[in-house]
Each structure stands twice: as C-alpha cells, then as structure tokens.
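User: I have a structure to read and I am new to this. Can you walk me through it?

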Amino acid sequence: MTAQSPRVLAVLTVRNEGSFLLEWVAHARACGFTDILAFSNDCDDGTDRMLDRLATKGWVTHVPNPGPHPKGPQWQALKQADQHPLVQAADWILVCDIDEFVNVKTGDGTLQALLAALPGATAIALTWRLFGNAGVVEIEDHPVTDIFCRAAPPDLAWPWRSQLIKTLFRRDGTYAKLGVHRPRAPDATRLGAARWYDGSGRPLPDSFRSVRLFTPIGSDPYGLVQLNHYPLGSMQGYLVKADRGRANREASGFDLTYWVERNFCDVEDTTIHRLAPARQRHLATLMQDDELATLHLAAVAWRKARFATLMRNEEWRKLYGCLRMTPPSRALGAAEAQSVWKHGQGRPVDAGL
C-alpha cells in the first residue's frame, strides 16, 4: 500500500452482539477501515453465523475463539491476532469493541483524513466520549448512533475512566503485541521515535509511549477525532449486556455503579451523523442479503427474549427497577473531582494524572 492509501485494520471481539453487528461493520467501512478482523466466542444469538456470512461476502475476516479463556476471551483473541496475516499486513491498527465508533471530525470524516492531518504521528490516542442512556427503556431495532445522541461534556473531570483511550497505531515494529487500550511489548530501541498525539492533534507526554491508558482529565481531546462510546444502550439491553459478562477477566462487572459512571447526557452530539449517508448505504447493501437480514432480525428477537427471561429473576428485576429510578449522572466540576482524587493518588486533576 502507498502512503496515500494505508491499510487500516480494526480488531474486534464479540459475543451475543448480532443486533448491533451490521451497523458497526457499515460504519467501520464508511469511516475508512480497509480490513476487519473479528473474533467471536460462545454466541447464542447467531453473531458467529453472521460473521461467517460477512466473511463469505468479503466484509470481515472471522476467527472463532471458543473457550475456555483463562484470562478472558478478549486477551485470548488478541494473542491469536498478534500472528494473524491481517495484522502483519496492516499499516495502522485499532483494537476496539462493538460499542465503540470512530468519529473523525476533520476532512471528509475518514481515518485517511485523520492520518493526513497528523502526518508525523505513529500513534493517536482516541479518547472515549461517553454517550448516556438518555432515558431509552426498550430494546429497539434502530442504529445505535441514531438513538443515543446525548453525551458527556468535553471537559468531564470524573470518573477517570471517561478519559480512557483506544490507540490507533502504526505497525512499524515499535510494539510487538496488541493490547486492549494500547499496543504492548515495546522495542526500547524504537521508542524514542514514537510520536503520540491526542484526538485534538496535541503531542502527548513521553509516558504514553509505554504505559499511559487515559488522556489528561478535562483536556477536551476531541478536536480532530473522538471514540464515541455507547456502553449502556437501552435499559433493557443493559441487562442483557450485564448477563453476557465482560470480555476482560480483570474488569469489574456490569452493575449500577458501572451505569452511573457512564450515564452522562449533558450535551447533544450528532457529529458522527456526517457519515450516516455512507453508513446507511453500506447497511442497506448488507440487509439486501437475505441470510444476513434474517440473522439480524433473529438476533434482535433473541435479545428481547433474553431480557424477558432475566425478568423472571428477582435480582435482575431489582437492577432493572434501579435503572428506571436513576436519573442521568451529574458531571462533577474540576474542584469536585479533585475532592475525590485527593483522597487517593493525591494529584491534582490538571496534572495529567
């Protein structure tokens, strides 16, 4: 590939997410991913069969990732991905989840435009922009990016997880292994040449070359690109997500704390809709395939049926009732956030943490 047309690879891990899969794939193509390497595990809703069909049609490369997964399915998938031909052939790589949508705000809204805007970058930290539930109760068969348009303010100071990154990085030999949030196993002889930038095009400190997982709190790192993160979805859908479990063994479970730390609805943000026409064209093409359309509808029906099953259990009904009673989360100001931070690490919010 030439410098003008890099191969940009998305590495995806999924389980029981067939109702979202076609939208995600359509958006990924619209925003400029040239390749998608998708791993699936333990699917009950037909996600794996959808990926098989997508692979047959040339939209993705599907690798089944059956258990057991001692360290979690995502880490097992990334271990396999390290040696996959698509990873070895890629110019740029992003490891991401199906509830994360790249939202480029420069040029024509594609990754190619982003790379052109930061020609010196070897890694771009895509900071999460949390999109809240906005009072949506029922599971709906509509694009996630159309339903959920209320987000956290750009200078959100708490929780620190709101500033977590996923890293779009050049595969130039600096890092030997993929990671959930950032590439791993750096080559010490190459690190000095690594150039990390945030989503507003600002150079990041040297610490990002090897360890950092989140951009400085309150820094508004969304000028050129943000990673739209839809971790909650509808209230009913959230219970199905909680039932599915986490892809990362070390991660905490889905509960009311997880919900409150992510349910920010302060600002309307529809910037991702600039790619809606292109996404919709791709989605229409996918839905014209009878097998994919049937599998998609079956996955939506499965999700609704799973919610109904969960409601027969008192613990799930209790969580659902709590979701119905809990309003959108209030964003803390810098001083309030510091009043929390000082009891732990003792470092000020604006120090980069």
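Predicted model: local features only at pLDDT ≥ 70, side-chain atom pairs only at ≥ 80, totals over all residues.

User: Is strand S4 mostly covered or uncovered?

Analyst: Strands are DSSP runs (E, at least two residues), and helices are runs of H or I (at least four), numbered from the N terminus. Buried means under 20% relative accessible area, exposed over 50%, and partly exposed in between (1.4 Å probe, protein chains only). S4 spans residues 92-96, and five of its five residues are buried.

User: Which way do the side chains of S4 point?

Analyst: In a regular strand, side chains alternate between the two faces of the sheet. Here Trp92, Leu94 and Cys96 point one way, and Ile93 and Val95 the other.

User: Which strands pair with S4?

Analyst: Two strands pair if DSSP finds at least two bridges between them. S1 (residues 8-14) runs parallel to S4, with five bridges. Val11 sits opposite Val95. S8 (residues 165-170) is antiparallel to S4, with three bridges. There, Trp92 is partnered by Arg170.

User: Is Ser162 buried or exposed?

Analyst: Ser162 lies in the loop between S7 (150-151) and S8. Its relative accessible area is 2%, so Ser162 is buried. Its C-alpha atom is 8.5 Å from that of Ile217, 55 residues away along the chain.

User: Where is Lys79, and is it buried or exposed?

Analyst: Lys79 lies in helix H3 (residues 73-81). Lys79 counts as exposed because its relative accessibility is 61%.

Key: Residues numbered from 1 in each chain as written. Heavy atoms only, no water.
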